[in-house]
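Student: Please take a close look at the shell around the ligand. How do its residues divide into nonpolar, polar and charged?

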Amino acid sequence: MIDLYSDTKTRPSPAMRRAMAEAEVGDEAAFEDPTVNRLCARVAELLGKEAALFTPSGTMCNQIALAVHCQPGDEVIVEASGHVACYEAGGAGANAGVNLCSIHGDRGRFTPEQVRAVLRPALRHAPRQRLVVVEQTCNMGGGAVWPIDALDAVAELAHAQGMRTHMDGARLLNAVVASGVPAARQARHYDSVWIDFSKGLGAPIGAVLAGSAEFIDHAWRVKQRLGGAMRQAGIVAAAALYALDHHVERLADDHLNARRLAAGLAAIPGVRLDPTTVETNIVVFDIDPERLGMDAPTWAARAAERGVRIGAFGPTRLRAVTHLDVDAAAIEQAIAVLNQACRAA
Ligand SMILES: *Cc1c(COP(=O)(O)O)cnc(C)c1O
């Protein structure tokens with residue numbers, strides 16, 4: 001199976017597993033795990049923040065950040081297709097008690113003018129607007145990268161309005177490799193930021209959330225409350241450290257493969273996709289079901305029967321994601337199979 005459903009499908013390599021097996025460990029929740037401590041120090045530095053904490057998932061990083069920055073009843077400004085709005089099982093409401101105000105952006109990105117347009121008057125009747133969330137890269141925006149000026153401009157407006165800023169950096173390192181702008185620079189004006197290790201970096205579990213020392217102090221209490229405090233977690237943190245050493249620069253290969261895949265897909269009649277918009281490892285595209293001869297779920301199902309997995313999100317939208325378990329030859333094979341799967345109609 002060539003699995004392009006998500007970059008979460010990567011499996012730990014033999015060398016990563018060796019690093020895990022040999023990890024020095026201790027009680028993470030008591031700050032006694034040296035491998036976790038090393039990982040947190042390293043990611044705090046990478047992201048230009050004072051402190052960091054290790055969590056089981058990126059979802060938990062977002063949930064912690066919402067709860068630390070906001071009070072119940074506060075409003076959080078997000079992009080409509082973002083992870084916080086769409087894929088956290090309503091956790092923003094259930095865990096942090098916040099309301100979401102959605103902006104419809106350009107492939108996941110939005111402008112200060114769009115934030116300005118949803119600002120509420122400072123009335124007792126209105127929810128207090130407390131936080132602006134950006135995603136770098138934008139997952140359902142097809143891996144689109146926020147330019148640094150756009151990130152800075154949104155943060156500047158948010159801060160001027162008395163709000164805080166949070167960067168969902170699940171794939172921030174993809175944006176770093178694609179743009180050449182260092183992670184700490186991208187996150188400079190964001191009060192909290194995290195990176196995921198279980199996506200393109202190829203680790204089995206784990207994410208690290210960073211911010212000021214005060215923010216991380218408070219974040220620890222929420223992590224404890226959510227059941228995210230761990231014990232000998234160094235076994236997992238070792239995989240993340242291995243990924244930082246060995247799996248960052250190679251993200252450029254995934255980006256190249258995504259562009260190759262996009263070019264192959266764009267040549268299929270009925271596919272609506274401009275390959276020049278593909279900047280990182282995610283290809284989100286639409287189809288015209290009449291020209292293709294089938295809808296998106298049917299195409300995905302037929303491709304899966306032939307050994308290629310991509311995601312269908314609704315009747316016309318699909319997503320394919322490249323990662324370290326898919327090489328250039330597999331991409332060529334995937335293009336051929338996707339062609340056959342729709343011609344078979
Ligand atoms: C995957 C993802 C998350 C959630 O991360 P998990 O580790 O799967 O919980 C959050 N935001 C974005 C943009 C993601 O792609």
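Tutor: The residues of the shell divide into two nonpolar, seven polar and five charged, where Ala, Val, Leu, Ile, Met, Phe, Trp, Tyr, Cys and Pro count as nonpolar, Asp, Glu, Lys and Arg as charged, and the others, Gly among them, as polar. The model is predicted: local features need pLDDT of at least 70, side-chain atom pairs count only at pLDDT 80 or more, and totals for chains, interfaces and linings use all residues. Numbering runs from 1 along each chain as its sequence is written, and side-chain values use heavy atoms, with hydrogens and water left out.

In total 14 residues surround the ligand, the closest being Gly58, Thr59, Asp168, Asp196 and Lys199; a residue belongs here if one of its heavy atoms lies within 4 Å of the ligand. Helix H3 (58-69) and strand S7 (192-196) each supply at least two residues of this shell, and H3 gives the largest share, three residues. Helices (H or I, at least four residues) and strands (E, at least two) are DSSP runs, numbered from the N terminus.

Polar contacts are pairs of N or O atoms within 3.5 Å. For Thr59, a side-chain N or O atom is 2.6 Å from an oxygen atom of the ligand. Arg171 places a polar side-chain atom 2.8 Å from a ligand oxygen, and for Lys199 the corresponding distance is 2.9 Å. The ligand taken alone exposes 380 Å², of which the protein buries 88% (Shrake-Rupley method, 1.4 Å probe).

Terms used: A polar contact is a pair of N or O atoms within 3.5 Å; within protein, one must be able to donate a hydrogen and the other to accept it, and residues adjacent in sequence count only if both atoms are side-chain atoms.
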